[in-house]
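Subject: Structure handover

Hello,

Please find the structure below. My notes on its cores and salt bridges follow it.

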Amino acid sequence: MCAVGSALWASGEDMEHTVYLGLGTNIGDKEDNLRVAIDRIGEEVGAVMRRSSFLETEPWGFASDNTFINAAVMVKTCRTPLEVLHATQRIEREMGRTVKSVDGKYHDRIIDIDLLLYDDITMSTEELAIPHPLMHERDFVMIPLREIL
């Protein structure tokens with residue numbers, strides 16, 4: 001059994017995995033958005049073991065008057081990669097994100113949570129690629145990630 005938040009739940013596997021997630025926000029109360037998302041990750045994905053400092057960055061891949069705040073977290077989880085993805089997507093929706101980036105078209109967002117690394121696995125499906133395929137091109141991902149690796 002694995003602990004997620006304050007509850008125990010059964011998964012197909014009971015082995016603990018190390019997951020790194022990247023977070024970003026550029027609208028609303030940005031620092032609060034990150035704090036809420038990190039709390040929700042702790043409740044729904046697994047124990048947040050490390051958290052980077054918050055990094056203010058310029059928009060990447062699109063024009064906006066709103067700067068971003070980015071961060072990274074390390075989480076211990078018993079969830080599978082797809083379960084982590086679905087949990088983070090649910091957190092995004094529940095926090096108010098209604099549109100995901102499609103075909104490289106980016107936009108302002110209340111929260112974005114990307115699964116960057118999952119143990120040392122490599123996988124690529126229609127739904128999920130690990131490691132995140134663009135993370136090495138993005139300082140706003142790599143700077144917070146290096147802080148907690």
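A nonpolar core here is a set of buried Ala, Val, Leu, Ile, Met, Phe, Trp, Tyr and Cys residues joined through side-chain atoms within 4.5 Å; buried means under 20% relative accessible area, exposed over 50%, and partly exposed in between (1.4 Å probe, protein chains only). The model is predicted, so local features need pLDDT of at least 70 and side-chain atom pairs count only at pLDDT 80 or more, while totals for chains, interfaces and linings use all residues. Residues are numbered from 1 along each chain as its sequence is written, and side-chain values use heavy atoms, with hydrogens and water left out.

Cores

The largest nonpolar core contains 23 residues, and Leu21, Leu23, Ile41, Ile113 and Leu115 have the most contacts inside it. Two or more residues each come from β3, α1 (30-44), β6, α2 (81-94) and β7. Helices (H or I, at least four residues) and strands (E, at least two) are DSSP runs, numbered from the N terminus. Another core, of eleven residues, lies apart from the largest one and includes Leu116, Phe140, Leu145 and Ile148.

Contact means heavy atoms within 4.5 Å. Leaving aside neighbours within four places in sequence, Leu23 is in contact with residues including Leu34, Ile41, Ile69, Val73 and Ile113.

In helix α3 (residues 139-148), the buried residues are Phe140, Val141, Met142, Pro144, Leu145 and Ile148. They pack against β3 (17-25), β4 (47-51), β5 (55-57), β6 (68-77) and β7 (112-118).

Salt bridges

A salt bridge is a side-chain nitrogen of Lys or Arg within 4 Å of a carboxyl oxygen of Asp or Glu. By this rule there are eight salt bridges.

One of them joins the side chains of Glu43 and Arg40 (3.8 Å, N to O). Both residues lie in helix α1, three residues apart, about one turn of the helix. Glu43 is partly exposed, at 46% relative accessibility, whereas Arg40 is buried at 16%.

Arg90 forms a salt bridge with Glu44, with the closest N and O atoms 3.2 Å apart. This pair links distant parts of the chain, as Arg90 is in helix α2 and Glu44 in helix α1, 46 residues apart. Arg90 is partly exposed at 29%, and Glu44 is buried at 15%.

Arg97 and Asp112 also meet in a salt bridge through their side chains (2.6 Å, N to O). Arg97 lies in the loop between α2 and β7 and Asp112 in strand β7, so the pair ties together parts 15 residues apart in sequence. Arg97 is buried at 7%, as is Asp112 at 12%.

Salt bridges with shared partners join Arg40, Glu43, Glu44, Arg90 and Glu94 into one network.

Regards
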